[in-house]
Amino acid sequence: MAGRIRDEDIATVREKSRIDDVVADYVTLRNAGGGSMKGLCPFHDEKSPSFHVTPSRGFFHCFGCQEGGDVFTFLMKIDGLSFGEAVERLADKYGVVLRRDESGADDRPRGPQRRRLIEAHAVAAEFYAEQLGTPEALTARQFLAERGFDQAAALHFGVGFSPRDGEALWRHLKGRGFTSEEAVAAGVVAMGRSLYDRFRGRLMWPIRDASGDTIGFGARRIFDDDRIDAKYLNTPETPIYKKSQVLYGIDHARREIAKSSQAVVVEGYTDVMACHLAGIRTAVATCGTAFGDDHARVLRRFLDDHEQLRSEVVFTFDGDEAGQKAALRTFEGDQRFVAQTYVAVAPEGMDPCELRLKEGDAAVRDLVASRRPLYRFVLENVVNRYDLDRADARVDALRAGARLVASVRDRSKVDAFARELAGMVGVDMEQARSEVRRAAARGPADDRRQGAGAPRPAAASDAPPVPDAPPAPSWPVPDPRDPRLGTERETLKLVLQHPVVIGRTSAEITPDDFVHPTYRAVWGVVAAAGGMVAAQSDPGWGARVRDAAAALDPVLSRLVSALTVEPIPLPVGREVDAGYVAQHLVRLQELTALRRIDEVKSRLQRTDPGESSAEYQRLFAELATLEQHRRALRMRVNGE
């Protein structure tokens, strides 16, 4: 049915959706106290977690990049969904049946919906898995058996087989109600003179996102007469599959990665399977592309990779020349992580799958346990290219190693790396330091002119992308650390986070109680949404406040998100109760009274009692009344 999703159904989805559960599919969250959880922001690169989620309020906010909102906003931002798609995905997840108003405009985007693409992949994965048991798939089963994978392993990882018949999957999808547009958009069917299956006669691995949804496939060549020579084929880029952001095995590994603060990066699907079956349940692999910046960002979010909680990433490489080049490329991107990075190289250049087959599960575990720091492995490979028995070769080795050390962005590590370089080459420490300084001063252009062939230093353009700067604010952004505005900020946090506790006690608060214009505007938005009275009976009140703020100004919207998730600095053992709330509200009023007292005193000092006796007496009486009011407020703050 066409039309707009009904408001009451949107409210039901919002109420049933736990934002911490949804966010946890993308970010490892840890308890931050005060009912808040935090982790590394998925929207910008950071070394310390500033991304907060408050489950009780259903909001998230990053104090680094200022992104914030509710559960719908999160999915729209992270997966590029429309509002309607975000509602539909959560409705599916939490079992809410959506109704649409026929009279309203259809809010669904043109083209196949994401949900249909996910469903097409689920049907395709089930179809391929069933085909693995057919006589035609004997070669595929033999391939798995020869690598130590039995039926249970294939079932656990969803491994399947694509029939050699070029239309078998398309006929199956059509029989299940999928259109040609949906099948082609999903990437499992291609369009030539007619429609045909993209993968034919291949061993199939379903590639899943962190939540477990299949979003693509990896397909290995197993027949000698396959007309496509490529050993591996992967799903093309689709609305739901971006190879630069996909890690095979992340659905199985994500919880163990978060638990152990370790990730193991291998090179292929069978390596992931071998590692998991051997007990290394943190293994993942890229899908048809080199490990890049986006892959690192995905891993960092699940590692909770920040300066206070050091984690580790272990890369496995073959010991051959190609493996050494891969290690060098990885080292160039090593500083994407706060984590310690290591390399594990199996004897005789075996990959984890071959190692498990030849020496057993324990050998795979030992491989990871015997990991070596990545920088040391790369430095040794660079230095060992030279004959260190020759004086001229030692100079060349020192220069090559110095270029590598100079490329390190974390300057605190440079001296330690220079010390190791000096030991490897056999020169004194000061000589190594001097060469590193010269390499840093020369820069990458000079090194290329010299034919260095060494990794280039990280230039500004190599830095992780910075999120788009927010538009110039029309409202001034208040400094959260300004002590003069502390009571205003804490009061608004209580209003947004605990409106039920505040109840009608806020009736005496007015816009004049807020000095900062942006805090005053937030209070105005709260009042326009019905204030605390509406909050008592409307579960969607918080969302309405944020929507109203967003309609006025993005600065207000971000501030409302921040105030909704920012922890409340409660004393040990104290809870947000009526007494705690009353102290803040009364203190806010007391500060207003003090400002008014100062104003009246200033006017009194400027008034001549001889020339303006009546005005002087009026101001004096007003001052006395204000002082009495202030003392009464002070007594309420002190609980007298």
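Analyst: Happy to! Let's start with arginine 489, which is buried, at 5% relative accessibility. Here buried means under 20% relative accessible area, exposed means over 50%, and partly exposed lies in between, using a 1.4 Å probe and protein chains only. Please keep in mind that this is a predicted model, in which local features need pLDDT of at least 70 and side-chain atom pairs count only at pLDDT 80 or more, while totals for chains, interfaces and linings use all residues. Residues are numbered from 1 along each chain as its sequence is written, and side-chain values use heavy atoms, with hydrogens and water left out.

What does arginine 489 meet? Its partner in a salt bridge is glutamate 566, with the closest N and O atoms 2.9 Å apart. The pair ties together parts that are 77 residues apart in sequence, because arginine 489 sits in helix α20 (residues 486-497) and glutamate 566 in the loop between α25 (554-565) and α26 (578-606). Glutamate 566 is buried as well, with a relative accessible area of 13%.

A salt bridge is a side-chain nitrogen of Lys or Arg within 4 Å of a carboxyl oxygen of Asp or Glu. Helices (H or I, at least four residues) and strands (E, at least two) are DSSP runs, numbered from the N terminus.

Aspartate 25 and arginine 254 form one, with their closest N and O atoms 3.8 Å apart. This pair links distant parts of the chain, 229 residues apart: aspartate 25 lies in the loop between α2 (19-23) and β2 (30-33), and arginine 254 in helix α10 (residues 250-260). Aspartate 25 is buried at 14% relative accessibility, and arginine 254 is buried at 8%. Aspartate 165 and arginine 171 also meet in a salt bridge, at 2.5 Å from N to O. There, aspartate 165 is partly exposed, at 36%, and arginine 171 is partly exposed, at 44%.

Now for the nonpolar side of the picture. A nonpolar core is a set of buried Ala, Val, Leu, Ile, Met, Phe, Trp, Tyr and Cys residues joined through side-chain atoms within 4.5 Å. The largest such core has 66 residues, of which Leu173, Leu203 and Tyr248 touch the most other members. Helix α5 (residues 114-131) gives this core its largest share, 8 residues. Leucine 173 has contacts (heavy atoms within 4.5 Å) with Ala120, Val123, Phe178, Ala183, Val188 and Val189, leaving aside residues up to four places away in sequence. A second, separate core of 48 residues includes Ala326, Val382, Ala400 and Val425.

There is also an open sheet of 5 strands, ordered β15-β14-β16-β17-β18 with mixed pairing. Its edge strands, β15 (283-285) and β18 (372-373), each pair on one side only. Pairing requires at least two DSSP bridges between two strands. Strands β16 (residues 312-316) and β17 (residues 340-344) run parallel and are joined by 5 bridges, with valine 313 opposite threonine 341 in β17.

Finally, a word on confidence. The pLDDT, the predictor's confidence in each residue from 0 to 100, has a mean of 83 over the protein chain, with 88% of residues reaching 70 or more. Over residues 445-473 the pLDDT is below 50, and this stretch has 36 contacts in the model beyond near neighbours in sequence.
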